[in-house]
Amino acid sequence: MFPVLLAALLLLAGGGVARAENALEQVRERGELVIGTDATYPPFESKVGGRLEGFDIDLGNQIGKELGVKVRWVNSAWDGIFPALRTGKFDLVMSGVTITDERKQNLLFSRPYFLSGQTLARRRGDRRIGSADDLPGKIVCVQQETTGQTAAEKRGLPPESIRKFETLPEALLAVRNRQGDVAVGDLPALRDLIRKGYPELEVIGGVFVQENVGIVADPRSGDLIRGVDAALQRILDDGRYGRMYALWLGEPLPAADVARLNGLAAVGGGGVDSGSAFTIRWDLLQNALPLLLRGAVTTLYITGLTLLIGTPLGLLVALARLSGFRPLSTAAAFYVEVIRGTPLLLQIFVIYFVLPAVGISLPAFVAAVLALTLNAAAYIGEIFRAGIQSIDTGQMEAARALGMDYGAAMRWVILPQTVRRVLPPLTNEAVALLKDSSLVSVIALTELTRVGRELSTNSGSPITIYLAVAVLYLAMTLPLTYLVRRLEDRWQPISRPRAKAVAAKP
Amino acid sequence: MTTTTIPGSPTNGSGPPVLAIRDLHKSFGKLEVLKGISLEMREGQVSVLIGASGSGKSTLMRCVNRLETPTQGTVRFRDTEIGPANLTRVRREIGFVFQRFNLFPHLTALENVTLAPRCVLGAPAEQAEREARELLEQVHLSAKADNYPAELSGGQQQRVAIARALALRPALLMFDEPTSALDPELVGEVLEVMRDLAAEGRTMLIATHEMGFAREVASHVMFLHLGQILEEGPPDQIFESPREARTREFLARVLGP
């Protein structure tokens, strides 16, 4: 199984990954510099009216001009952005990326181009939080795999008190909805987001971790980064930098910043080439496996709980749909259509982020199980309904003719046959559910897929992590399928005689 | 098995009234299938319904235990008028055998027979099983008690279905064309069981196309034509000297030249 998957993945990834040491030359030949960014991070980058804008966007375009090429921006989710860079989807990443030693192990940084720092955002007037010293014992919301997360972790907070979101706005939303106490993030980004959309929140306590922001390239793109550094120098020197700063940060460039940035020119670099991003690195698994297994347990737990509640609920939905009482059957049909007609992701968002607006604020785990259960119950309900309707009407008649009431006939005659018949589609649903449960990672639950994505961001070999994730999913779904096949075999008499029927009189 | 045997003639139908149907109508949409049926059955009587397919035999039987709801008319069982309120209770006293058996495929032959006594009457498992084995014995299927319906021939399935219908000790047995779905060579074994039941003096209402059998076991024969009882009487009279031209036509067709 493993080698087959591997070969398939390598084949899929094959096109255009051979990146030579002449990255700058290739960019010039192409006439186009491709820069990846996660446009949820004003004032550095955000999407306004369908266009990307922000400090990084202006700066990147100026760098392109200096290099004599056009810039094409690719808006990409933060937690896939470095694997995408490593696999040749972009030449550079500009996304307010803080330079850290950990990242320098697998990524190559330009010289710092912005001085930043981590700060806190709390609900306005929430006196429990005054500085970073107040973080212990609070629910801390961060954007996953950012230095905000690192800053929170370095404070020695227990992992379960750190809620990781895909974007910084979602982290702020969670604080506003009282699903968290405080958000940690870059000062400029927090200030900008709060000013534009979160009047209920405020920045508090000043910068507690100083940071340098840099431009990122693949470790084998040394010449490209040297070109970028030279371009940055010119943009800093001729005053363009200052004008951009004033435009996007809403205040003049502090006088000392240019000198400090020049002094920090050596902070960039890094990017020891640890081999292609497509190289399997078994050594990574030693550290990753325990984390992945914990994620798998969460996935199993969520899925199991959902099935446990969702299956009887689905049966009730089916019975309601089939009942002769019109309001009940109409309500059930409406429920099923609403659930089936909207994306699961949206349902998860609504339950976690929108219900708080009407005063129902659920913890992430409860929200996840609730959303998945409501979703599964609709699909399982349809499976049961089809199953019940597929039972010959003569069965109900025979039961009723024997004086059984509707309930007894259902309980003893119709449902036992239905269960056997719906087992295969029900298994499909369970397997689908197990995989769909990865969607709850958007509300900061660290299930298997989420753990895999987090690990792959900084691992230097995403393929190793993703293969391990795939194997773990298969390790959960295959036994399930096998188990059900065994059950079906055991119940075979219903569908196929064990022995050939004998027509003769006894 | 408790049986009610009328001394002298087991099929003379002279006991107290069991079933009384008055002016029964049944329409499916615009199609009127039953157009005012009235009949009476007494304890120990074996009544046979004959008539062409579509004449309303099945519908009439299904209206008795309300698998179909009559459009109009009354059905009295002993001294109760059957209606929604007493339906479940009355059905326990009316055994019904379907053309297509309708055995429960997820249960063995034995379990098919014990299910109703156990979950309707709350009979203890042991007692229900003992009685079920006696009933299977009676339909000559002791050896098949633990087989599933799919492992039985059509004739065997129908005999299990008869045992199942007998399990609640019904006062009336109804057979809706019980041999019509069977291969010809399997018809005999089912008729034999039914013949035994008639000989025991059970009250039976039978819809069938088996004219020889009808003539042999019936105490009363009714010819149904287009939703009405066109002619009725003792079997000898109906089969030997039918008064109605329609009856003669029908008999000529099913009995051959």
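Buried denotes a relative accessible area under 20%, exposed one over 50%, and partly exposed the range in between, with a 1.4 Å probe and protein chains only. Accessible areas come from the Shrake-Rupley method with a 1.4 Å probe, and for residues only the protein chains shown count as cover. The structure is a predicted model, in which local features need pLDDT of at least 70 and side-chain atom pairs count only at pLDDT 80 or more, whereas totals for chains, interfaces and linings use all residues. Residues are numbered from 1 along each chain as its sequence is written, chains are lettered from A and ligands numbered from 1 in the order in which they are written, and side-chain values use heavy atoms, with hydrogens and water left out.

Salt bridges were examined over the whole structure. A salt bridge is a side-chain nitrogen of Lys or Arg within 4 Å of a carboxyl oxygen of Asp or Glu. Side chains of opposite charge can pair when their charged atoms come close. The search returns 39 salt bridges over all chains. In chain A, one of them joins the side chains of A:Asp126 and A:Arg128, at 3.1 Å from N to O. A:Asp126 is buried, because its relative accessible area is 11%, whereas A:Arg128, at 44%, is partly exposed.

In chain B, B:Arg42 and B:Glu40 form a salt bridge whose closest N and O atoms are 3.7 Å apart. B:Glu40 is partly exposed, with a relative accessible area of 36%, and B:Arg42 is partly exposed at 30%. Another salt bridge links B:Arg62 with B:Glu68, the closest N and O atoms being 3.2 Å apart; both of these residues are buried. Salt bridges that share partners also form one network, made up of A:Arg321, A:Glu337, A:Arg340, A:Glu382 and A:Arg385.

Secondary structure was assigned from DSSP runs, numbered from the N terminus: helices are H or I runs of at least four residues and strands are E runs of at least two. Two strands pair if DSSP finds at least two bridges between them. Strand S9 of chain A, residues 140-143, is covered on both faces: A:Val140 and A:Val142 on one side, and A:Cys141 and A:Gln143 on the other, are all buried. In a regular strand the side chains alternate between the two faces of the sheet. S9(A) pairs in the parallel sense with strand S10 of chain A (residues 162-165) over four bridges, and A:Val140 stands opposite A:Ile162 in S10(A). Between S9(A) and S10(A) the chain passes through helix H6 of chain A (residues 147-154), in a β-α-β crossover that is right-handed. The term right-handed applies if, with the strands pointing away from the viewer, the path from the first strand over the helix to the second runs clockwise. S9(A) also runs parallel to strand S11 of chain A (residues 182-186), to which two bridges join it; here A:Cys141 stands opposite A:Ala183.

Chain B contains an open sheet of four strands in the order S2-S1-S4-S5, with antiparallel pairing. Its edge strands are S2 (31-42) and S5 (80-81) of chain B, each of which pairs on one side only. The pairing between S5(B) and strand S4 of chain B (residues 72-77) is antiparallel and comprises two bridges, with B:Phe77 opposite B:Thr80 in S5(B).

Several helical residues were considered individually. A:Arg400 lies in helix H16 of chain A (residues 393-401) and is partly exposed, with a relative accessible area of 22%. Contact means heavy atoms within 4.5 Å. Apart from neighbours within four places in sequence, A:Arg400 is in contact with A:Asp405, A:Tyr406 and A:Ala409, and also with B:Leu67 and B:Arg91. The C-alpha atoms of A:Arg400 and A:Asn61 are 78 Å apart in space, and these residues are 339 residues apart in sequence.

B:Thr114, in helix H3 of chain B (residues 109-120), is buried with a relative accessible area of 9%. Beyond its neighbours within four places in sequence, B:Thr114 is in contact with B:Ala128, B:Glu129 and B:Ala132. B:Gln127 belongs to helix H4 of chain B (residues 125-138) and is partly exposed at 31%.
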